[in-house]
Amino acid sequence: MSQQVMSGAIAIGIGVLVGIGLFVPFVAISYRRRGRLSPVRLLMWLAALIYFWAIWTYTLLPLPEPSSIRCVGAITDPMSVVRDVQQALAAPGNPLTHPGILQLAFNVLLFVPLGFFLRVLGGRGIVTALLVGLGLSLFIETTQLTGVWGVYPCAYRFFDVGDLMTNTTGALVGSAFGLVVPRAHRGLSRAADAGMPRPVTRGRRALAMICDGLGFFLVSATLGVGMQLFLEYVVRDRAAVLDGTLSELVGTGGAGAFWLATILMTGRSVGDLAVELRYDGARMPQPVARLLRWVGGVAGLSTIGLIGGILAALTSLAMLVACVMFFFTRQGRGLPGILSGQQLTDARSPR
């Protein structure tokens, strides 16, 4: 049981991390395909990510020590499933608690979410569920048969044709369950009203701020880690790696420059682009207003803070002020809106 809990925890952890990395693109796609972000679909896609990793953790982990494995063969008789059921029915006691029945039920249930997600999130029908369920199950069984593709000298888990049948059955059952979801809420097709302007709410502005903050952190972290690896393995400057100043400069400065270029060219930050917002009505030249938009956002304040000294303290204070002003300004336009003298509007509305 402890190993099952550990496998589940690993799947949840990896799924959440991948979900965080894909959050900004997901928001942007949702606003263009659906016109808004649906919390229900967001949770379903997160569940699909966790499920994807759970399949691998539950079927392949734990990876044993090579010296401790016992080589096993393959079960190629498809009637083995029928015999397992017959043995469970013939055995004394409740057949529902028999290991053979429990294993069969687990193999079916493991692939039920696959068919459901293919139907609801992917808009695919029973044939796709059949092919994907069989293909994925075959890949997993082959991985076991080949000793994780040669990592181990032989198979330490059984290749079982019966598992192919029960897994595929689970995918078909899940696809059938997906029919309970109304057709309008299934698939990836673009909603008819996706391009229609919608009210600019404080929650929508908050979502843009989250996308900006999360996106800026991920870009700066990626650039910083890349610089650390460059210093470690190319330049071989251990002192610079331990100091971290250059990596921070490249990471934060590079991300800040990207945000500045995006705002200067489009008038919108990455978060604004994701949720289809724009700032209008500047009483000053557009380049100046856009520069002030950048200065008042997380990217500009973080980049200016690199200068250090009193500016670092002032930018930290400005970030706190910006968070407070979100609650006390119209539509949550906050510090960027006040500095640029602009108001928020839906980017899909005519200028």
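Which residues lie nearest the centre of the second largest pocket? Before I answer, a word on the model. It is a predicted one, where local features need pLDDT of at least 70, side-chain atom pairs count only at pLDDT 80 or more, and totals for chains, interfaces and linings use all residues. Residues are numbered from 1 along each chain as its sequence is written, and side-chain values use heavy atoms, with hydrogens and water left out.

Now the pocket. Leu 22, Phe 26, Ser 30, Leu 42 and Trp 45 lie nearest its centre, out of 21 lining residues. A pocket here is an open set of points on a 1 Å grid over the protein atoms alone, where a 1.4 Å probe fits, with protein on both sides within 12 Å along at least five of seven lines; lining residues have an atom within 4 Å of a point. Two or more lining residues each come from α1 (2-21), α2 (23-33) and α3 (39-60), these helices being DSSP runs of H or I, at least four residues, numbered from the N terminus. The largest share, seven residues, is from α3. By type, the lining has 14 nonpolar, four polar and three charged residues.

Next, a helix pair. The axes of α9 (residues 202-235) and α15 (residues 310-328) come within 10 Å and cross at roughly 160°; axes are lines fitted to C-alpha atoms over the stretch in contact, with angles from 0 to 180 degrees between N-to-C directions. Therefore α9 is roughly antiparallel to α15, a term for angles over 145 degrees. In the contact (heavy atoms within 4.5 Å), α9 supplies Arg 202, Arg 205, Ala 206 and Met 209, while α15 supplies Phe 326, Phe 327 and Phe 328.

How values were computed:
Ala, Val, Leu, Ile, Met, Phe, Trp, Tyr, Cys and Pro count as nonpolar, Asp, Glu, Lys and Arg as charged, and the others, Gly among them, as polar. Angles under 35 degrees count as roughly parallel, over 145 as roughly antiparallel, 65 to 115 as roughly perpendicular and the rest as oblique.
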